[in-house]
Amino acid sequence: AASDVYKRQCYNGEWYNTRFVPPQLIERILNSSRVDGQSKTKLQKMVSTKGELSFYDVFSLTRSEAAQ
């Protein structure tokens with residue numbers, strides 16, 4: 001259902017739709033040989049802390065690596 005996938009949030013008076021990552025995709029990322037162990041650890045911590053992740057959450061993992 002759409003309500004399971006999207007969440008509307010308001011930032012600075014603007015409404016944004018947040019799209020959540022399906023659990024199957026998180027599982028594929030965690031099982032991928034193309035993803036390093038440090039990123040997998042961060043992803044697992046995010047899942048345990050937040051429960052469900054948005055696509056931006058997953059994207060932010062790659063941004064933190066690029067900044068190092």
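Does Val47 count as buried, exposed or partly exposed, and at what relative accessibility? Val47 counts as partly exposed because its relative accessibility is 27%, and buried would mean under 20%. The model behind this value is predicted. The chain has 68 residues, and 24% of them are buried. Its elements are four helices and two strands.

**Overall layout**

- The accessible surface of the chain is about 5,400 Å². Carbon and sulfur atoms account for 52% of that surface.
- Take the contacts between residues at least 6 apart in sequence. Of these, 34% link residues at least 24 apart.

**Helix α3**

- Helix α3 covers residues 37-50, which is 14 residues.
- From first C-alpha to last, α3 reaches 20 Å. That is close to the 20 Å expected at 1.5 Å a residue.
- Four residues of α3 are named as buried: Ser39, Lys40, Leu43 and Met46.
- Viewed down the axis of α3, these buried residues fall within an arc of 120 degrees, so they line one face of the helix.
- Lys45, Ser48 and Thr49 are exposed, on the face of α3 turned away from the buried side.
- At the start of α3, a side-chain oxygen of Asp36 comes to within 3.0 Å of the backbone nitrogen of Gln38.
- Just after α3 comes Gly51, with a positive phi of about 90 degrees.

**Helix α2**

- Ile26, Ile29 and Leu30 are buried in α2.
- These residues span an arc of only 95 degrees around the axis, so they sit on the same side of α2.
- Gln24, Arg28 and Asn31 are exposed on the other side of α2.
- Glu27 also belongs to helix α2. Its relative accessibility is 43%, so Glu27 counts as partly exposed.
- Glu27 and Gln44 are 17 residues apart along the chain. Their C-alpha atoms are separated by 9.9 Å.

**The nonpolar core**

- The largest nonpolar core has nine residues. They are Val21, Ile26, Ile29, Leu30, Leu43, Met46, Leu53, Val58 and Leu61.
- Three helices each supply at least two residues of this core: α2 (23-31), α3 and α4 (55-67).
- Helix α2 gives the largest share, three residues.
- Which residues does Met46 touch, not counting residues up to four places away in sequence? Met46 touches Gly51, Leu53, Asp57, Ser60 and Leu61.
- Two of those partners, Leu53 and Leu61, are listed in the core along with Met46.

**Back to Val47**

- Val47 lies in helix α3.
- Which residues is Val47 in contact with, leaving aside neighbours within four places in sequence? The contacts of Val47 are with Ile26 and Leu53.
- Val47 and Ile26 are 21 residues apart in sequence. In space, C-alpha to C-alpha, Val47 and Ile26 are 8.9 Å apart.
- Ile26 and Leu53 are both members of the core. Val47 is in contact with each of them, but Val47 itself counts as partly exposed.

Note on methods: Residues are numbered from 1 along each chain as its sequence is written. This is a predicted model: local features need pLDDT of at least 70, side-chain atom pairs count only at pLDDT 80 or more; totals for chains, interfaces and linings use all residues. Side-chain values use heavy atoms; hydrogens and water are left out. Buried means under 20% relative accessible area, exposed over 50%, partly exposed in between (1.4 Å probe, protein chains only). Contact means heavy atoms within 4.5 Å. Accessible areas come from the Shrake-Rupley method with a 1.4 Å probe; for residues, only the protein chains shown count as cover. The expected span of a helix is 1.5 Å times one less than its number of residues. The arc is that of the directions from the helix axis to the C-beta atoms. A polar contact is a pair of N or O atoms within 3.5 Å; within protein, one must be able to donate a hydrogen and the other to accept it, and residues adjacent in sequence count only if both atoms are side-chain atoms. A nonpolar core is a set of buried Ala, Val, Leu, Ile, Met, Phe, Trp, Tyr and Cys residues joined through side-chain atoms within 4.5 Å.
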